[in-house]
Amino acid sequence: VIASTAVYNINSIIDTSIFGNLMQYLGSAKVDNAKQYGIYTGYYLLLINVPVAISNALSSSLIPTLSQATAARERGKVRETIATSIRFSMLVALPCAVGLAVLSEPIITMLFGRNETATMLLRIGSIAVVLYSLSTITNAVLQGTNHMSLPVKNSVISLIIHCIALVAMIMFFHLGIYSLVFANIVFALCMCILNARQMRRYLRYRQEIVKTYIGPALASITMGVVTYLVYTGFSRFIRRGSLAVLVAILAAMLSYAIAVVKFHVINEVELRAMPKGRGLVRIFKKMHLM
(Lines give C-alpha, C1' and ligand atoms only; values in the text may rest on other atoms or scores of the structure.)
Protein backbone atom coordinates (compact mmCIF):
# COMPACT_ATOMS: atom_id res chain seq x y z
CA VAL A 1 0.00 0.00 0.00
CA ILE A 2 2.81 2.38 0.95
CA ALA A 3 4.75 1.57 -2.22
CA SER A 4 1.70 2.21 -4.40
CA THR A 5 1.04 5.55 -2.68
CA ALA A 6 4.72 6.48 -2.99
CA VAL A 7 4.57 6.15 -6.77
CA TYR A 8 1.59 8.51 -6.83
CA ASN A 9 3.43 11.08 -4.72
CA ILE A 10 6.77 10.81 -6.52
CA ASN A 11 4.88 11.67 -9.67
CA SER A 12 4.81 15.37 -8.73
CA ILE A 13 8.52 15.39 -7.85
CA ILE A 14 9.42 13.96 -11.25
CA ASP A 15 7.07 16.43 -12.94
CA THR A 16 8.85 19.34 -11.27
CA SER A 17 12.25 18.18 -12.47
CA ILE A 18 11.23 17.31 -16.04
CA PHE A 19 9.15 20.46 -16.56
CA GLY A 20 11.72 22.86 -15.11
CA ASN A 21 14.73 21.41 -16.93
CA LEU A 22 13.08 20.95 -20.32
CA MET A 23 11.45 24.39 -20.31
CA GLN A 24 14.82 25.95 -19.50
CA TYR A 25 16.36 23.95 -22.32
CA LEU A 26 13.77 25.41 -24.68
CA GLY A 27 14.73 28.92 -23.56
CA SER A 28 12.00 29.72 -21.05
CA ALA A 29 13.09 31.79 -18.03
CA LYS A 30 13.38 29.98 -14.71
CA VAL A 31 11.19 32.57 -12.97
CA ASP A 32 8.41 32.16 -15.54
CA ASN A 33 8.58 28.38 -15.18
CA ALA A 34 8.26 28.68 -11.42
CA LYS A 35 5.22 30.96 -11.76
CA GLN A 36 3.54 28.58 -14.18
CA TYR A 37 4.23 25.57 -11.99
CA GLY A 38 2.94 27.47 -8.96
CA ILE A 39 -0.36 28.07 -10.75
CA TYR A 40 -0.54 24.39 -11.64
CA THR A 41 0.04 23.13 -8.09
CA GLY A 42 -1.50 25.96 -6.09
CA TYR A 43 -4.67 26.37 -8.12
CA TYR A 44 -5.36 23.36 -10.35
CA LEU A 45 -4.10 20.46 -8.22
CA LEU A 46 -5.55 22.00 -5.08
CA LEU A 47 -9.06 22.09 -6.55
CA ILE A 48 -9.16 18.69 -8.23
CA ASN A 49 -7.79 17.00 -5.11
CA VAL A 50 -10.89 18.02 -3.13
CA PRO A 51 -13.32 15.58 -4.85
CA VAL A 52 -10.57 12.96 -5.27
CA ALA A 53 -10.19 12.98 -1.47
CA ILE A 54 -13.67 11.45 -1.22
CA SER A 55 -12.50 8.46 -3.28
CA ASN A 56 -9.39 8.21 -1.11
CA ALA A 57 -11.58 8.00 2.00
CA LEU A 58 -13.87 5.47 0.34
CA SER A 59 -10.94 3.30 -0.75
CA SER A 60 -9.52 3.27 2.79
CA SER A 61 -12.81 1.95 4.18
CA LEU A 62 -13.17 -0.50 1.28
CA ILE A 63 -10.02 -2.57 1.87
CA PRO A 64 -11.01 -4.20 5.22
CA THR A 65 -14.46 -5.16 3.91
CA LEU A 66 -13.02 -6.72 0.77
CA SER A 67 -10.28 -8.48 2.71
CA GLN A 68 -12.81 -10.06 5.06
CA ALA A 69 -15.08 -11.19 2.19
CA THR A 70 -12.08 -12.55 0.25
CA ALA A 71 -10.81 -14.49 3.24
CA ALA A 72 -14.28 -15.98 3.76
CA ARG A 73 -14.47 -16.78 0.02
CA GLU A 74 -17.73 -14.88 -0.32
CA ARG A 75 -17.46 -14.09 -4.01
CA GLY A 76 -20.93 -12.60 -4.21
CA LYS A 77 -20.20 -10.11 -1.45
CA VAL A 78 -16.84 -9.24 -3.03
CA ARG A 79 -18.46 -8.41 -6.36
CA GLU A 80 -21.32 -6.52 -4.75
CA THR A 81 -18.90 -4.43 -2.66
CA ILE A 82 -16.74 -3.62 -5.68
CA ALA A 83 -19.72 -2.65 -7.83
CA THR A 84 -21.27 -0.44 -5.12
CA SER A 85 -17.99 1.31 -4.33
CA ILE A 86 -17.19 2.13 -7.95
CA ARG A 87 -20.74 3.32 -8.60
CA PHE A 88 -20.70 5.60 -5.56
CA SER A 89 -17.31 6.98 -6.57
CA MET A 90 -18.57 7.80 -10.07
CA LEU A 91 -21.76 9.34 -8.68
CA VAL A 92 -19.52 11.85 -6.89
CA ALA A 93 -16.61 12.24 -9.32
CA LEU A 94 -18.54 12.80 -12.57
CA PRO A 95 -20.67 15.77 -11.40
CA CYS A 96 -17.62 17.27 -9.66
CA ALA A 97 -15.64 17.09 -12.90
CA VAL A 98 -18.45 18.66 -14.94
CA GLY A 99 -19.03 21.33 -12.30
CA LEU A 100 -15.35 22.31 -12.20
CA ALA A 101 -15.25 22.51 -15.99
CA VAL A 102 -18.42 24.61 -16.30
CA LEU A 103 -17.64 26.95 -13.40
CA SER A 104 -13.86 27.01 -13.83
CA GLU A 105 -13.59 30.74 -14.46
CA PRO A 106 -15.89 31.99 -11.66
CA ILE A 107 -14.45 29.50 -9.14
CA ILE A 108 -10.86 30.54 -9.89
CA THR A 109 -11.83 34.23 -9.79
CA MET A 110 -13.73 33.84 -6.53
CA LEU A 111 -10.94 31.96 -4.74
CA PHE A 112 -7.74 33.39 -6.23
CA GLY A 113 -8.60 36.30 -8.51
CA ARG A 114 -8.82 36.31 -12.29
CA ASN A 115 -6.24 34.01 -13.88
CA GLU A 116 -6.70 32.75 -17.44
CA THR A 117 -4.03 30.05 -17.17
CA ALA A 118 -5.56 28.55 -14.04
CA THR A 119 -9.01 28.67 -15.63
CA MET A 120 -7.85 26.77 -18.71
CA LEU A 121 -5.94 24.22 -16.61
CA LEU A 122 -9.05 23.51 -14.56
CA ARG A 123 -11.34 23.41 -17.59
CA ILE A 124 -9.10 21.03 -19.52
CA GLY A 125 -7.97 18.89 -16.60
CA SER A 126 -11.28 18.43 -14.79
CA ILE A 127 -11.58 14.93 -16.35
CA ALA A 128 -8.67 13.93 -14.12
CA VAL A 129 -11.10 13.95 -11.17
CA VAL A 130 -12.94 10.99 -12.70
CA LEU A 131 -9.80 9.09 -13.71
CA TYR A 132 -7.97 9.56 -10.40
CA SER A 133 -11.08 8.63 -8.43
CA LEU A 134 -11.53 5.45 -10.47
CA SER A 135 -7.85 4.50 -10.27
CA THR A 136 -7.86 5.03 -6.50
CA ILE A 137 -10.90 2.80 -6.01
CA THR A 138 -9.58 0.05 -8.29
CA ASN A 139 -6.24 0.16 -6.46
CA ALA A 140 -8.12 -0.52 -3.23
CA VAL A 141 -10.05 -3.36 -4.89
CA LEU A 142 -6.85 -5.14 -5.93
CA GLN A 143 -5.22 -4.56 -2.54
CA GLY A 144 -8.29 -5.71 -0.65
CA THR A 145 -8.58 -8.93 -2.66
CA ASN A 146 -5.03 -10.03 -1.82
CA HIS A 147 -3.34 -8.78 -5.01
CA MET A 148 -1.13 -6.30 -3.22
CA SER A 149 1.71 -6.06 -5.75
CA LEU A 150 -0.44 -5.43 -8.83
CA PRO A 151 -1.24 -1.74 -8.13
CA VAL A 152 2.47 -1.10 -7.56
CA LYS A 153 3.40 -2.67 -10.91
CA ASN A 154 0.60 -0.79 -12.64
CA SER A 155 1.72 2.48 -11.03
CA VAL A 156 5.30 2.02 -12.21
CA ILE A 157 4.19 1.21 -15.78
CA SER A 158 1.83 4.20 -15.79
CA LEU A 159 4.57 6.45 -14.41
CA ILE A 160 6.96 5.47 -17.21
CA ILE A 161 4.28 6.16 -19.85
CA HIS A 162 3.46 9.42 -18.07
CA CYS A 163 7.11 10.59 -18.22
CA ILE A 164 7.41 9.73 -21.92
CA ALA A 165 4.17 11.59 -22.66
CA LEU A 166 5.30 14.62 -20.63
CA VAL A 167 8.63 14.87 -22.45
CA ALA A 168 6.92 14.53 -25.85
CA MET A 169 4.32 17.19 -25.05
CA ILE A 170 6.94 19.68 -23.87
CA MET A 171 9.61 19.05 -26.50
CA PHE A 172 7.58 18.28 -29.63
CA PHE A 173 4.11 19.76 -29.08
CA HIS A 174 5.31 22.79 -27.04
CA LEU A 175 2.29 22.70 -24.73
CA GLY A 176 4.14 24.29 -21.80
CA ILE A 177 2.36 24.05 -18.47
CA TYR A 178 -0.58 22.27 -20.12
CA SER A 179 1.77 19.33 -20.72
CA LEU A 180 1.56 18.53 -17.00
CA VAL A 181 -2.24 18.35 -17.11
CA PHE A 182 -2.34 16.10 -20.17
CA ALA A 183 0.48 13.88 -18.87
CA ASN A 184 -1.30 13.38 -15.55
CA ILE A 185 -4.49 12.48 -17.40
CA VAL A 186 -2.43 9.89 -19.30
CA PHE A 187 -1.08 8.52 -16.00
CA ALA A 188 -4.53 8.16 -14.42
CA LEU A 189 -6.01 6.68 -17.61
CA CYS A 190 -3.24 4.07 -17.79
CA MET A 191 -3.88 3.16 -14.16
CA CYS A 192 -7.61 2.70 -14.84
CA ILE A 193 -6.98 0.51 -17.90
CA LEU A 194 -4.32 -1.65 -16.23
CA ASN A 195 -6.34 -2.07 -13.03
CA ALA A 196 -9.46 -3.00 -15.01
CA ARG A 197 -7.49 -5.65 -16.92
CA GLN A 198 -6.14 -7.11 -13.68
CA MET A 199 -9.59 -7.15 -12.09
CA ARG A 200 -10.96 -8.96 -15.13
CA ARG A 201 -8.10 -11.45 -15.13
CA TYR A 202 -7.80 -12.29 -11.44
CA LEU A 203 -11.28 -11.53 -10.09
CA ARG A 204 -13.35 -12.36 -13.19
CA TYR A 205 -15.02 -9.01 -12.64
CA ARG A 206 -16.50 -6.61 -15.16
CA GLN A 207 -18.14 -3.41 -14.07
CA GLU A 208 -21.71 -2.73 -15.13
CA ILE A 209 -21.57 0.16 -17.63
CA VAL A 210 -24.97 1.85 -17.91
CA LYS A 211 -25.80 2.62 -14.26
CA THR A 212 -22.18 3.15 -13.25
CA TYR A 213 -20.88 5.38 -16.05
CA ILE A 214 -23.46 6.30 -18.69
CA GLY A 215 -26.30 7.22 -16.31
CA PRO A 216 -24.21 9.46 -14.01
CA ALA A 217 -22.53 10.99 -17.07
CA LEU A 218 -25.88 11.95 -18.61
CA ALA A 219 -27.08 13.31 -15.27
CA SER A 220 -23.85 15.28 -14.91
CA ILE A 221 -24.14 16.77 -18.41
CA THR A 222 -27.72 17.80 -17.66
CA MET A 223 -26.52 19.35 -14.42
CA GLY A 224 -23.74 21.16 -16.30
CA VAL A 225 -26.19 22.75 -18.74
CA VAL A 226 -28.49 23.89 -15.92
CA THR A 227 -25.53 25.21 -13.91
CA TYR A 228 -24.17 27.20 -16.84
CA LEU A 229 -27.57 28.74 -17.61
CA VAL A 230 -28.22 29.63 -13.96
CA TYR A 231 -24.78 31.18 -13.49
CA THR A 232 -24.99 33.12 -16.78
CA GLY A 233 -28.43 34.41 -15.90
CA PHE A 234 -27.66 35.42 -12.32
CA SER A 235 -24.27 36.95 -13.11
CA ARG A 236 -26.01 39.52 -15.33
CA PHE A 237 -28.09 40.82 -12.42
CA ILE A 238 -25.83 40.13 -9.44
CA ARG A 239 -22.67 42.21 -9.29
CA ARG A 240 -21.00 39.95 -6.73
CA GLY A 241 -19.70 37.02 -8.74
CA SER A 242 -19.29 34.83 -5.64
CA LEU A 243 -23.02 35.01 -4.94
CA ALA A 244 -23.81 33.94 -8.51
CA VAL A 245 -21.41 31.01 -8.10
CA LEU A 246 -23.09 29.88 -4.89
CA VAL A 247 -26.54 30.08 -6.51
CA ALA A 248 -25.23 28.07 -9.47
CA ILE A 249 -23.77 25.42 -7.14
CA LEU A 250 -27.12 25.08 -5.36
CA ALA A 251 -28.83 24.72 -8.74
CA ALA A 252 -26.23 22.11 -9.70
CA MET A 253 -26.90 20.04 -6.58
CA LEU A 254 -30.66 20.13 -7.07
CA SER A 255 -30.58 19.44 -10.82
CA TYR A 256 -28.13 16.56 -10.42
CA ALA A 257 -30.24 14.92 -7.72
CA ILE A 258 -33.33 15.18 -9.92
CA ALA A 259 -31.49 13.92 -13.02
CA VAL A 260 -30.06 10.93 -11.14
CA VAL A 261 -33.55 9.87 -10.12
CA LYS A 262 -35.19 10.63 -13.48
CA PHE A 263 -32.52 8.70 -15.42
CA HIS A 264 -33.00 5.76 -13.03
CA VAL A 265 -29.32 5.84 -12.04
CA ILE A 266 -30.29 5.03 -8.48
CA ASN A 267 -33.46 3.52 -7.02
CA GLU A 268 -35.15 3.92 -3.67
CA VAL A 269 -33.48 0.90 -2.03
CA GLU A 270 -30.00 2.05 -3.08
CA LEU A 271 -30.69 5.61 -2.01
CA ARG A 272 -31.87 4.52 1.45
CA ALA A 273 -28.58 2.66 1.92
CA MET A 274 -26.55 5.86 1.40
CA PRO A 275 -25.74 8.44 4.11
CA LYS A 276 -28.82 10.65 4.71
CA GLY A 277 -30.59 8.56 2.07
CA ARG A 278 -33.83 8.17 4.01
CA GLY A 279 -34.21 11.93 4.23
CA LEU A 280 -33.58 12.29 0.51
CA VAL A 281 -36.20 9.65 -0.26
CA ARG A 282 -38.79 11.61 1.74
CA ILE A 283 -37.88 14.83 -0.10
CA PHE A 284 -38.05 13.18 -3.53
CA LYS A 285 -41.42 11.63 -2.73
CA LYS A 286 -42.80 15.02 -1.66
CA MET A 287 -41.56 16.42 -4.97
CA HIS A 288 -43.23 13.45 -6.79
CA LEU A 289 -39.86 12.40 -8.27
CA MET A 290 -39.91 8.93 -6.73
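**Exercise 1. A residue in helix H7**

Find the helix that holds Asn 154, then work out whether Asn 154 is buried or exposed and which residues it touches.

*Solution.* 
Step 1: Asn 154 sits in helix H7, which covers residues 149-171. Keep in mind that you're looking at a predicted model.
Step 2: Check the accessibility. Asn 154 has a relative accessibility of 2%, so it counts as buried, because buried means under 20%.
Step 3: Look for contacts, skipping neighbours within four places in sequence. That leaves Leu 142, Met 191, Leu 194, Asn 195 and Gln 198 in contact with Asn 154.

**Exercise 2. How H1 meets H8**

Describe the packing of helix H1 against helix H8: the angle, the direction and the residues involved.

*Solution.* 
Step 1: Recall what you need. Two packed helices are described by the angle between their axes and the distance between the axes.
Step 2: Read off both. The axes of H1 (residues 2-25) and H8 (residues 178-202) come within 12 Å and cross at roughly 150°.
Step 3: Angles over 145 degrees count as roughly antiparallel, so H1 is roughly antiparallel to H8.
Step 4: List the contact. H1 brings Tyr 8, Asn 11, Asp 15 and Phe 19, and H8 brings Leu 180, Asn 184, Phe 187 and Met 191.
Step 5: Sort the contact of H1 with H8 by class, and you get 5 nonpolar, 2 polar and 1 charged residues.

**Exercise 3. H8 and two other partners**

Work out how H2 and H5 are oriented against H8, and which residues make each contact.

*Solution.* 
Step 1: Take H2 and H8. They pack at an angle of about 50°, with their axes 9 Å apart. That makes H2 oblique to H8.
Step 2: Pick out the residues. Tyr 37, Tyr 40 and Tyr 44 of H2 meet Leu 180, Val 181 and Asn 184 of H8.
Step 3: Classify them. The contact of H2 with H8 has 5 nonpolar residues, 1 polar and no charged.
Step 4: Move on to helix H5 (residues 116-125). H5 and H8 pack at about 15°, and their axes are 10 Å apart. Angles under 35 degrees count as roughly parallel, so H5 is roughly parallel to H8.
Step 5: Name the contact. From H5 come Thr 117, Met 120, Leu 121, Ile 124 and Gly 125, and from H8 come Tyr 178, Val 181, Phe 182 and Ile 185.
Step 6: Classify again. The contact of H5 with H8 divides into 7 nonpolar, 2 polar and no charged residues.

**Exercise 4. The nonpolar cores**

Which residues touch the most other members of the largest nonpolar core, and which helix gives the largest share of this core?

*Solution.* 
Step 1: The largest nonpolar core has 62 residues, and those touching the most other members are Tyr 40, Tyr 44, Ile 82, Ile 86, Val 141 and Met 199.
Step 2: Helix H2 (residues 30-71) supplies the largest share of this core, 11 residues.
Step 3: Zoom in on Met 199. Leaving out residues up to four places away in sequence, Met 199 touches Ile 82, Ile 86, Thr 138, Val 141, Leu 142, Arg 204 and Tyr 205.

Technical notes
Residues are numbered from 1 along each chain as its sequence is written. This is a predicted model: local features need pLDDT of at least 70, side-chain atom pairs count only at pLDDT 80 or more; totals for chains, interfaces and linings use all residues. Side-chain values use heavy atoms; hydrogens and water are left out. Axes are lines fitted to C-alpha atoms, for helices over the stretch in contact, and angles run from 0 to 180 degrees between N-to-C directions. Helices (H or I, at least four residues) and strands (E, at least two) are DSSP runs, numbered from the N terminus. Angles under 35 degrees count as roughly parallel, over 145 as roughly antiparallel, 65 to 115 as roughly perpendicular and the rest as oblique. Contact means heavy atoms within 4.5 Å. Ala, Val, Leu, Ile, Met, Phe, Trp, Tyr, Cys and Pro count as nonpolar, Asp, Glu, Lys and Arg as charged, and the others, Gly among them, as polar. A nonpolar core is a set of buried Ala, Val, Leu, Ile, Met, Phe, Trp, Tyr and Cys residues joined through side-chain atoms within 4.5 Å. Buried means under 20% relative accessible area, exposed over 50%, partly exposed in between (1.4 Å probe, protein chains only).
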